[in-house]
Amino acid sequence: MLRLTLTLLLTVLLSLVNSKALAEKPNIIVIMADDLGYGDVSCYGATALKTPHIDRLAAEGLRFTSGYCSASTCTPTRYSFLTGTYAFRGERTGIAPPNAPAIIKPGTETVGSILKRAGYTTTVIGKWHLGLGSEAGPDWNGQLKPGPLEIGFDTCFLLPTTNDRVPQVYVKDHRVLNLDPADPLWVGSKKPSPNHPTGLTHRETLKMDWSHGHNSTIHNGISRIGFYTGGHAARFRDEDLADKWVEKSVEFIEQNKDRPFFLFFASHDIHVPRMPHERFQGKTRLGFRGDSIVQLDWCVGELIKTLDRLKLAENTLVVFCSDNGPVLDDGYQDGAIEKIGSHRAAGPYTGGKYSVYEGGTRTPFITRWKGRIEPGVSDQMVCTIDLAASLAALTDQKLSQESCLDSFNILGALLGDVGSKGRPDLVQQNNGNNGTYALRVGKWKLQRYDKKIARNVVVEQQLENSSVPQFQLFNLDDDPAEKTDVAAEHPAVTTRLKHRLAEIIRQ
Ligand code: NG6
Ligand code: CA
């Protein structure tokens, strides 16, 4: 009898050990930069500045040469990163305005909900830009829900939209932090009173001038998109954002060092207004755009140092990526164009933010897990949209048929396992569901335009200004800069890719 009990006990213990070995539960940190281009960091070829900490991640991990975000603007990339579903399938997934309601509805499977189910403590710290609140929009003075906490995050510490949009306040969980009820926060799209100072009426007072848009309410000497009043005690200085993200993240890592955690570190660098902390101002010859890259690199360094200090480096998968490609003048006169010199923000690629050329979505992408990922360079095609299915696989979580529709389990490729493949194809989009897409399959890249708007500024907009879809085909092996349209020479390939794209986007 005793023998039987002992055998049973041993079997149970062994199966427990086995299941633990099968479901690996490293901590996971996804660091998403904002508007960072392929050529903006030194491990991807930049020489005008140095990014030693991001370079260290690359040297100790896997640096992808075909790493992508799924869209060339923020909201759609963040939507598809979290949900594993292309943003063009969702409603109102274009760049979110200041008063946007929550775009990802409660009940939607997200990277957060998957990892929470796997037993992780989950948080998002940094830029959100996916809307907050019910259909009526955010209740800035009350409960800001639904938001991240309703889609799988245990906690959040957010910049609610993007910092060139109002308001400049932190959201902690469901509330604006430090809000004084006697000074309520009002956010709107119309001037609240005739004498409300704006970037138009008080332009001479600005510490950084605007170049287009961005001329409404002034805060911290910078005029923004949209209007707001009140909430003065809650307002922050742009210069302090990066420090705050690091402070909150280090606190979170320390508090959760003994259990699996997921940190989505959503940096605001290097989005406009680029106003790095004073200690980084002037650190590069590229102006505040370059200085913000150095600030971003510092943040990465602080996170890595924290992992080292707490002896978590071998138990933490770090993913470094960007939400879209680079832009120089995105609405403020910060010297980015004048000081660019020979720096190529998109590396060898054409286009950048707002574009379906490679520069719009092919961005720095690094994975590091010390002791598990063999350091190197990978040319497998991977995308932020694949993290949902891949992290589900890593943590042994099943996904339903209805969730994470476009996310591939490419865990092997992300971890650099020999023989593992990345995605077979990838749709790139610019903003919302507007008819402009690209499809990459191996060396081939098809672009499709049909926005039908009458603008004639650059090639892409000329193509968009058409009543029927316009297509171009490029061979990325011979022509990574997408200069020569070879659709006429390769009609069969063009047709095959057109059909595949139509099948995916259902248009
Ligand atoms: C555009 C803004 C741009 C930036 C972008 C969103 C104007 C003229 N341009 O509409 O400055 O805010 O939206 O950037 O207002 S993103 O990286 O968050 O998608
Ligand atoms: Ca962005």
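User: At what angle do helix 2 and helix 6 pack, and how far apart are their axes?

Analyst: This is a predicted model, in which local features need pLDDT of at least 70, side-chain atom pairs count only at pLDDT 80 or more, and totals for chains, interfaces and linings use all residues. Residues are numbered from 1 along each chain as its sequence is written, while chains are lettered from A and ligands numbered from 1 in the order in which they are written.

Helix 2 spans residues 52-60 and helix 6 spans residues 288-309; helices are DSSP runs of H or I with at least four residues, numbered from the N terminus. The two pack at about 55 degrees, and their axes are 7 Å apart. Axes are lines fitted to C-alpha atoms over the stretch in contact, and angles run from 0 to 180 degrees between N-to-C directions. Helix 2 is therefore oblique to helix 6, since angles under 35 degrees count as roughly parallel, over 145 as roughly antiparallel, 65 to 115 as roughly perpendicular and the rest as oblique.

On the side of helix 2, the contact involves P52, H53, I54, R56 and L57. Helix 6 contributes D297, V300, G301 and I304. Residues are in contact if their C-beta atoms, placed from the backbone, lie within 7 Å. By class, this contact has five nonpolar, two polar and two charged residues (Ala, Val, Leu, Ile, Met, Phe, Trp, Tyr, Cys and Pro count as nonpolar, Asp, Glu, Lys and Arg as charged, and the others, Gly among them, as polar).

For comparison, the shell around ligand 1 has four nonpolar, eight polar and four charged residues. Of its 16 residues, T73, C74, T162, G213 and G331 come nearest, where near denotes a C-beta atom, placed from the backbone, within 6 Å.

Key: Contact = placed C-beta atoms within 7 Å.
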